[in-house]
Amino acid sequence: MNIEQIKEQITCLDYLGKPLKKTRAGWYVYRCPWKEDKNPSLNVTPNGKVWKDLSTGATGGIIELVQMCLNTKGFSHVCAEFSSSSFSMSSRVFDNEKKEEVVEGTAFHSFSVGPLQSKGLYAYLTNRCIDTHIAKLFLQEAHYSFQERQDGRYLYALAYPNEKGGYELRSEFFKGSTSPKGISTHLGLKNASTVVFEGFFDMLSFATLSGEVKHNYIILNSIVNTPAATEVLRSMGGKVYLCLDNDDGGEKATKQILDALPSAVDIRSRFAPAKDVNEYLCNLKK
């Protein structure tokens, strides 16, 4: 797509996805993707054509929005963002069954999973300092929409499967999951120790730091799944390392596992004072 086609066919709402809320004036509210935005300051007009950053006064349309998100002034990068492999104009065939699955309290109108191919998602992984060759071993690409679309467009995100058939979904602008929630296990390496993480980005970060996949992994996907992970660990042999987050939730889940499995080793201190392994990795790369 060229610049004019992007302006005509794609709105800021298409690019940003589901908003946090809608104001009484009809504007849609988001967090600015290009900065830490604890108090959401990005507003988009009801027709999706114009955005405004209330904290700085900056404003623009879809082209300027993508430039801000990609930290570039080049039009070629903007066009590449909407290439057939990286945005919802793709002509690739996916099984878009009109089934409903829950994502943080919101129902999908359509949801499908295919191979990881999106340039935008690869860029997101690179920004998170993840080795993309390792990421491809574990991740897929989800295409989804929250409402019926006649133009064939969809939103996209990294899709990480759990043992129950659900997915954790992540992109530059979205964090969610499909039901059912559950743990994820990767236990195929014989005579290898097992490392437990809260989220898949920490697992990918750990493997990136190692240079390859040298361990078996169990990912909680939520600390509420700690009991399920503990049951799997009890049935296994070999060394277990706990690499959960350096926060209250991680402390609670680590203690819960150690109470049931005293031989496990808490290695969170290796990555302190970072909150988690991905933050440690990104700080190391900087």
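Q: In which sense does α8 cross α9, left-handed or right-handed?
A: In this predicted model, α8 passes α9 in a right-handed crossing. The term applies because the near helix is turned clockwise from the far one. For α8 (residues 226-234) and α9, the angle is about 30° and the axes lie 10 Å apart.

Q: What makes α8 and α9 a contacting pair, and which residues are involved?
A: The cut-off for contact is heavy atoms within 4.5 Å. On the α8 side, T226, P227, T230, L233 and R234 make the contact. On the α9 side, A253, Q256, I257 and A260 do.

Q: How do the residues of the contact of α8 with α9 divide into nonpolar, polar and charged?
A: Five are nonpolar, three are polar and one is charged. Arg counts as charged, and R234 of α8 belongs to the contact.

Q: Why is S263 called exposed?
A: Its relative accessibility is 51%. Exposed means over 50%, so S263 counts as exposed. S263 sits in the loop between α9 (248-260) and β17 (265-266).

Q: How far is the C-alpha atom of S263 from that of Y241?
A: The separation is 9.2 Å, with the two residues 22 apart along the chain.

Q: Which strands of the open sheet stand at the edges, and why?
A: The open sheet has five strands, in the order β1-β2-β3-β4-β5, with antiparallel pairing. β1 (21-22) and β5 (59-60) each have a single partner strand, so one side of each lacks a neighbour in the sheet. That places β1 and β5 at the edges.

Q: How do you know that β3 and β4 pair?
A: Pairing needs at least two bridges. β3 (residues 42-44) and β4 (residues 51-53) have three, in the antiparallel sense. Across this pairing, V44 faces W51 in β4.

Q: What makes β9 largely enclosed by the rest of the structure?
A: Buried means under 20% relative accessible area. Five of the six residues of β9 (residues 140-145) are buried, so the strand is largely enclosed.

Q: Which strands pair with β9, and over how many bridges?
A: β8 (residues 110-114) is joined to β9 by five bridges, running antiparallel. β10 (residues 155-161) also pairs with β9 over five bridges, again antiparallel. G114 stands opposite E141 in β9. The bridge partner of H143 in β10 is Y156.

Q: Why is the pair of F138 and Y217 called tilted?
A: The ring centres are 6.3 Å apart, and rings pair within 6.5 Å. Planes under 30 degrees apart count as stacked and over 60 as edge-to-face. The planes of F138 and Y217 stand at 55°, so the pair is tilted.

Q: Which parts of the chain does the pair of F138 and Y217 tie together?
A: F138 lies in the loop between α6 (132-135) and β9, and Y217 lies in β15 (residues 216-219). The pair therefore ties together parts that are 79 residues apart in sequence. Both F138 and Y217 are buried.

Q: What makes the aromatic pair of F271 and Y280 edge-to-face?
A: The planes stand at 85°, and over 60 counts as edge-to-face. The centres are 5.1 Å apart.

Q: Is F271 buried or exposed, and how do you know?
A: Its relative accessible area is 9%. The cut-off for buried is under 20%, so F271 is buried.

Q: Why is Y280 called partly exposed?
A: Its relative accessibility is 28%. This value falls between the cut-offs of 20% and 50%, so Y280 counts as partly exposed.

Q: Which residues do ring pairs link into a cluster?
A: The cluster consists of F138, F197, F206, Y217, F271 and Y280. The count for the model comes to 11 aromatic pairs.

Notes: Residues numbered from 1 in each chain as written. Predicted model: local features only at pLDDT ≥ 70, side-chain atom pairs only at ≥ 80, totals over all residues. Heavy atoms only, no water. Helix = DSSP H or I, 4+ residues; strand = E, 2+ residues; numbered from the N terminus. Buried < 20%, exposed > 50% of the residue type's maximum accessible area, 1.4 Å probe, protein only. Axes fitted to C-alpha atoms, helices over the stretch in contact; angles between N-to-C directions. Phe/Tyr/Trp six-rings, centres within 6.5 Å; stacked < 30°, edge-to-face > 60°.
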